[in-house]
Amino acid sequence: MAGGGFVAQTGPAKNYAGKVTGFVIFTCLISATGGLIFGYDIGISGGVTSMNDFLLKFFPDVYRKENEDTHTNQYCKFDSQLLTTFTSSLYVAGLIASFFASASTRLLGRRMSMLIGGATFLVGAALNGAAQDVAMLIIGRILLGIGVGFANQSIPLYLSEMAPPKLRGGLNMCFQLFITIGILAANLINYGTQKIAKYGWRVSLALAAVPALIITIGSIFLADTPNSLIERGHRDKALNMLQKIRGTSNVQEEFEDMIVASEESRKVKHPFRNILQRKYRPHLVMAIAIPFFQQLTGINVIMFYAPVLFKTIGFGSNASLLSAVITGTVNAIATLVSIFTVDRVGRRFLFMEGGVQMFCSQVVIAIILGIKFGANGEGTLSKGYATFVVILICIYVSAFAWSWGPLGWLVPSEIFPLEIRSAGQSINVSVNLLFTFAIAQAFLAMLCHMKFGLFLFFAAFVLIMSIFIYVLLPETKNIPIEEMYLVWQRHWFWKNYVEHDDKAKDMELTKGDSK
């Protein structure tokens, strides 16, 4: 295993038979389009909340501070709890929905959870596009959140279970790629609709129905994963599906390991209680720490509020939306880099390189804003300085896009044994959405009070999370998902918590009984 001095070498994981098939590539790409709904929402929210017609109709106090009060602190003019409630209500709904999605993912299958998520998001998009007051807006956002909760719970699991081990990283990262495409599409749409008087914001919000339709219709035609079929008692279908996605009939060894994992899973009646056991400590820590740190990189500050942020530091309305398009493009292109490198250089390398790049860019942004705006937030940026800030933000976004962005979804989805997989992914999604909500709710107030120090705040967390990854996360590339317990047995720290020979012996005995 890769991972420097932190992982002991104790022998290779299994190398199952099979090849990359067109069918598995197709199913993974279709399922990954579910990332569009999350990405579109992230991108659309910040753009819509910078449109004057939208602010005038729903948030007139913010409109007044922006357009009429010329003495307002530049850092504080968008500070409104009602405005942040509109943005962040989605994430509270998604957090709660993720726990229900855990049960549906386990009992009904990954595909059905994706279908529920897409359909619910579709209804929410319709309500937002037709909204007449803030209450209608927030109800629509809640439905969008339920859709995001179900999709984010099921799609990463689906991708990790369908993909062959040697391509699991790249195929799973297609989910993040579609998130970035959704963000970019939203930025482009906002740039166009802000020129439409009075109802441009309605077009932006209503067009969320397009990605919702894609994943809803796609889910109807997708096949479920072999792991999920075995878990629900359909072994013959599971064997046929495994042969189809591996492109060979020689899948008996992998199939038997899946059955063993399923038998272990059946013994677990209360997965949320079981995940608290000592042997699952590394899984639980990663399920909480990785999404927690992912949000504290500060990325959603940039993506939620990029137009607002650029407007705050001196760009005009059109220029701020155009700058958001630029960062969205960088985000999508950089995610492609991770797809083609993650299964070659590994997860740890991308985490560490991205951390260094994000830290440096955030510190320099803080210095520039501190010099030009100072503590009172009064001042302007010259065209040269403003351009340099956009370049620094692009450097930061590209680092996130090939590290914590996709890996924040990939690593948690691939490390859980089947018996706690749905519960673990639910915890991962709920922590992600909890801190997405917290940052979204607090950001505008934090910007107002911390000013340029906000970027130093996030830079400090980037440093902490990079140390965490270096010390505590073993390399997981090319390890079959049902053999992932080996990486914890080999780790210098986690080997003190997980079972060793006992689990291996139990798996062999169970396999023998199943023959």
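A residue counts as buried when its relative accessible area is under 20%, as exposed when that area is over 50%, and as partly exposed in between (1.4 Å probe, protein chains only). Leu472 has a relative accessibility of 17%, so Leu472 counts as buried. This is a predicted model, in which local features need pLDDT of at least 70, side-chain atom pairs count only at pLDDT 80 or more, and totals for chains, interfaces and linings use all residues. Residues are numbered from 1 along each chain as its sequence is written, and side-chain values use heavy atoms, with hydrogens and water left out.

Now for the overall picture. The protein has 25 helices and zero strands; both are DSSP runs numbered from the N terminus, with helices (H or I) of at least four residues and strands (E) of at least two. Of the 515 residues in the protein, 62% are buried. Contact means heavy atoms within 4.5 Å, and among contacts with a separation of 6 or more, 83% join residues 24 or more positions apart.

Back to Leu472, which sits in helix α23 (residues 453-472). Apart from neighbours within four places in sequence, Leu472 is in contact with Met286, His491, Phe493 and Trp494. Leu472 and Phe493 are 21 residues apart along the chain, with 7.3 Å between their C-alpha atoms. Ser398, in helix α20 (residues 383-401), counts as buried too, at 10% relative accessibility. With neighbours within four places set aside, Ser398 is in contact with Val330, Ala334 and Gln357. Ser398 and Ala334 are 64 residues apart in sequence, yet their C-alpha atoms are 5.2 Å apart.

Next comes the core. A nonpolar core is a set of buried Ala, Val, Leu, Ile, Met, Phe, Trp, Tyr and Cys residues joined through side-chain atoms within 4.5 Å. The largest one here has 121 residues, and those with the most contacts inside it are Phe38, Phe54, Phe58, Phe59, Met286 and Trp404. Helix α7 (residues 134-162) gives the largest share of this core, 10 residues. Phe59 touches Phe54, Leu82, Leu83 and Phe86, not counting residues up to four places away in sequence.

Rings of Phe, Tyr and Trp (its six-membered ring) pair if their centres lie within 6.5 Å; planes under 30 degrees apart count as stacked, over 60 as edge-to-face and the rest as tilted. The structure holds 20 aromatic pairs. In one of them, the rings of Phe292 and Phe435 have centres 4.7 Å apart and planes at 80°, so this pair is edge-to-face. The pair links distant parts of the chain, 143 residues apart: Phe292 lies in helix α16 (residues 281-295) and Phe435 in helix α22 (residues 418-450). Phe292 is partly exposed, at 22% relative accessible area, and Phe435 is partly exposed at 25%. Both belong to one aromatic cluster, whose members include Phe293, Phe351 and Trp404.

Finally, the cavities. On a 1 Å grid over the protein atoms alone, a cavity is a set of points where a 1.4 Å probe fits but cannot get out, and lining residues have an atom within 4 Å of a point. A search of the whole structure finds three cavities of 30 Å³ or more; grid points are joined across faces, edges and corners, and a volume is the space filled by probe spheres set on the points. The second largest cavity has a volume of about 80 Å³. Among its 13 lining residues, the closest to its centre are Pro165, Arg246, Glu254, Pro480 and Ile481.

Note on methods
On a 1 Å grid over the protein atoms alone, a cavity is a set of points where a 1.4 Å probe fits but cannot get out, and a pocket is an open set with protein on both sides within 12 Å along at least five of seven lines; lining residues have an atom within 4 Å of a point.
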